Amino acid sequence: MKVHVGGKEISFETGRIARQSNGSVLVRCGDTMVFTSACSAPAAAGADFLGLRVDYQENFSSIGKTISGFIKRQGRPNEKEILVSRLIDRPLRPLFPEGYYDDVQVLSYVWSYDGVHAPEPLAICAASAALALSDIPMTKPLAAVRVGFINNQFIINPTIEEMKSSLLDLMLAGSSDAILMIEGYCDFLTEEQVLNAIETGHKAIREICLAIQKWQQELGKPKNLKSIVKDPEGLLEEIEAVCLAPLSEVLRISKKQEREEAQERVKDELVAKLNPTSNDPRWDPALIYKAFKALCSRIMRKMILEEKRRSDGRGTEEIRPIHVEPSLLPRSHGSALFTRGETQALAVCTLGGEGMAQRYENLDGESTHRFYLQYFFPPFSVGEVGRIGAPGRREVGHGKLAERALKAVVPKRDKFPYTIRLESNITESNGSSSMASVCGGCIALMDAGVPIERPVSGIAMGLILEGDRYTILSDILGMEDALGDMDFKVTGDHEGITAFQMDIKVEGITHDIMRAALEQARRGRILILEKMLAVCPTPRKEMSIYAPRIETLMIKPSKIAVVIGPGGKQIRAIIEETGVEVDIDDDGRVSIASSDLKGIERAKSIIIGLTADVEIGRVYTGKITSIVPFGLFVEILPGKEGLCHISEYDNTRIADLNQHVKVGEQISVKVLDINERGQLKLSRKAILPSAPPAA
């Protein structure tokens with residue numbers, strides 16, 4: 001099967017590879033090829049959720065390379081692979097039928113990469129096609145495209161090179177009828193431009209979806225619906241009779257922990273009443289919990305739609321109380337405690353040289369991030385006991401969203417030559433900790449003295465949709481996220497957007513609803529930003545005394561080897577002598593970092609001396625390195641010395657230079673000549689006053 005979108009041909013193939021899987025597809029665009037398989041297994045006993053697992057892997061063999069390191073075998077997924085796995089997972093989940101709890105595994109591999117066509121949208125399309133052709137019950141196919149904005153035009157699936165000049169990076173996934181997932185980053189585009197980008201992308205998505213749907217009708221297996229668990233008759237009615245009244249009161253408790261504790265008490269009483277004997281229960285406890293959750297959702301949604309009232313008593317557009325406290329940590333370079341209701345983030349900014357940059361390797365090569373944000377979600381933030389270890393997919397995703405939201409305001413390297421690390425420590429959580437990371441991170445940057453020109457804030461929006469009725473919620477709670485129909489995060493300032501992410505759990509969200517959500521989000525983020533700027537209106541003029549100072553200078557690329565020296569001998573000597581950190585780029589940019597300004601100046605002096613070209617006729621002050629009968633040798637620049645002949649030392653005749661100077665003394669000389677072998681002819685006499693005439 002072939003489909004054309006954005007002027008590019010995408011081909012789909014099945015039936016030749018991985019024929020024992022439930023479904024498998026090989027998708028190709030140019031010489032980029034992504035293979036995806038889909039398999040299922042019966043659910044474990046008592047399962048009450050979809051066991052979906054998505055893994056995406058970029059094989060380095062796809063570009064004829066092996067991974068760096070000793071073992072050479074690809075191991076755990078890197079950050080990009082985790083993020084793309086999430087991009088595939090998020091739009092797939094809403095398309096599985098209610099009550100389907102089997103384990104489903106979707107594996108995606110980049111088998112060939114041409115460096116031109118990006119594999120990410122192909123991987124989402126491949127996952128959809130593999131599931132569509134399989135017997136796994138997915139309700140309808142979906143597809144994905146990337147949208148760029150170049151020269152005021154929207155480009156579908158732009159090339160890797162085109163993306164370098166794009167003001168927008170939008171990944172969009174959906175069915176032929178509706179958008180299901182949005183992940184976008186931009187350089188302060190307006191709400192209208194964002195809406196136009198989504199609409200443009202959805203037209204291309206519709207073409208791919210219709211092609212997959214037709215392919216499914218021709219080659220797809222009959223769907224296996226036997227394992228779908230249906231709600232037993234009578235259970236929900238019994239639960240309503242017991243819980244409707246108490247839950248209607250419990251879900252109006254404003255504080256999260258009190259509300260959750262009260263919900264647990266109601267649930268325990270319910271189980272005890274429905275299953276009075278544990279040895280012979282009338283109802284499966286998993287079914288009771290599922291129906292209890294559904295009832296909670298129905299009560300909350302009705303309260304919002306009909307009363308315009310939320311569990312914590314707020315109106316639909318009301319923002320929770322905000323408190324901002326910059327400079328919380330005295331020894332950090334910059335910090336801020338951002339609290340919004342029961343969600344709180346401690347953001348910390350650390351500044352450093354190039355050696356602090358985050359190094360990474362992917363199919364496009366090895367490089368570094370000079371700005372990065374790392375998100376931490378300890379279990380105590382929700383009052384729980386849990387494991388501490390490597391970050392999970394959620395932490396990686398939330399951190400990258402906040403990082404890319406702030407990246408648009410980080411100054412360019414030539415204006416601020418520091419590597420910047422932000423960490424967001426979530427100390428309390430009740431909805432939208434990623435947006436608290438954006439707000440706290442922005443204040444921490446300003447507190448560290450990073451000269452950002454356009455501070456930004458972020459807000460998470462929700463939606464309750466029932467038929468033609470809907471209510472948009474500003475600054476959603478965790479419960480409103482879990483039981484609602486949309487999680488829409490938007491960051492930016494008064495005039496434009498830097499990041500937006502949307503996950504939609506139902507179809508039927510129209511262009512008008514999206515427009516209304518964006519406008520309500522704009523009002524909310526402006527209000528939050530004004531509260532932030534009331535506390536910290538501008539970046540600090542002076543950096544922390546504990547932050548390193550960095551100075552940069554440019555040298556000729558041909559001189560880099562001179563500064564480094566054989567086997568790094570010269571640069572190690574500079575570092576040892578001055579105590580600074582020195583980093584040199586291929587373009588000749590030298591960054592010198594240290595908290596000791598004298599060390600920086602000394603290192604600069606040495607590097608300038610090593611790389612400077614000696615000029616004939618210029619006067620230099622250097623050190624005498626040796627004295628010989630016919631003259632003395634002077635080092636006028638590091639590694640560059642010349643001969644001052646005894647006849648060029650003074651206006652009068654000198655018999656023995658040892659009677660006038662010593663090795664190690666400083667002396668000023670003029671460069672008279674440089675011969676073809678690079679030897680320098682120096683003169684002290686040339687800069688002395690003329691000798692007085694003889695009497």
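Accessible area here comes from the Shrake-Rupley method with a 1.4 Å probe. By that method, the chain exposes about 32300 Å². Carbon and sulfur atoms supply 51% of that area. Keep in mind that this is a predicted model.

**Stop 1: the whole chain**

Show the chain as a cartoon. The secondary structure comes to 14 helices and 29 strands. Turn the view along the principal axes: the C-alpha atoms fill a box of roughly 130 × 60 × 50 Å. The radius of gyration is 33 Å, while a compact globule of 695 residues would have one near 26 Å.

Now colour by burial. Of the 695 residues, 52% count as buried. Then turn to contacts. Take those between residues at least 6 apart in sequence: 70% of them join residues at least 24 apart.

Next, colour the charged side chains. There are 86 positive and 94 negative ones. The centres of the two sets lie 3 Å apart.

**Stop 2: the aromatic pairs**

Select the rings of Phe, Tyr and Trp. How many aromatic pairs does the count come to? It comes to six. Two of the pairs follow.

Zoom in on Phe35 and Trp111. This pair is stacked, with 4.6 Å from centre to centre and 5° between the planes. The two residues come from distant parts of the chain, 76 residues apart. Find Phe35 in strand E4 (residues 32-41) and Trp111 in strand E6 (residues 103-112). Is Phe35 buried or exposed? Phe35 counts as buried, because its relative accessibility is 5% and the cut-off for buried is under 20%. Trp111 has a relative accessible area of 36%, so Trp111 is partly exposed.

Move on to Phe96 and Tyr100. These rings are stacked as well, at 6.1 Å centre to centre with 5° between the planes. Phe96 is buried, with a relative accessible area of 7%. Tyr100 is buried too, at 3%.

**Stop 3: Val25**

Select Val25. Val25 sits in strand E3 (residues 23-29). With a relative accessibility of 0%, Val25 counts as buried.

Which residues does Val25 touch, leaving out those up to four places away in sequence?

- Phe12 and Glu13
- Val34, Phe35 and Thr36
- Ala126, Ala129, Ala130 and Leu133
- Trp215

To finish, draw a distance from Val25 to Gly15. The two lie ten residues apart along the chain, and their C-alpha atoms are separated by 7.9 Å.

Technical notes
Residues are numbered from 1 along each chain as its sequence is written. This is a predicted model: local features need pLDDT of at least 70, side-chain atom pairs count only at pLDDT 80 or more; totals for chains, interfaces and linings use all residues. Side-chain values use heavy atoms; hydrogens and water are left out. Helices (H or I, at least four residues) and strands (E, at least two) are DSSP runs, numbered from the N terminus. The radius of gyration is taken over C-alpha atoms; the globule rule is 2.2 Å times the number of residues to the power 0.38. Buried means under 20% relative accessible area, exposed over 50%, partly exposed in between (1.4 Å probe, protein chains only). Contact means heavy atoms within 4.5 Å. Lys and Arg count as positive and Asp and Glu as negative; His and the chain ends are not counted. The place of a charge is taken as NZ of Lys, CZ of Arg, CG of Asp or CD of Glu. Rings of Phe, Tyr and Trp (its six-membered ring) pair if their centres lie within 6.5 Å; planes under 30 degrees apart count as stacked, over 60 as edge-to-face and the rest as tilted.
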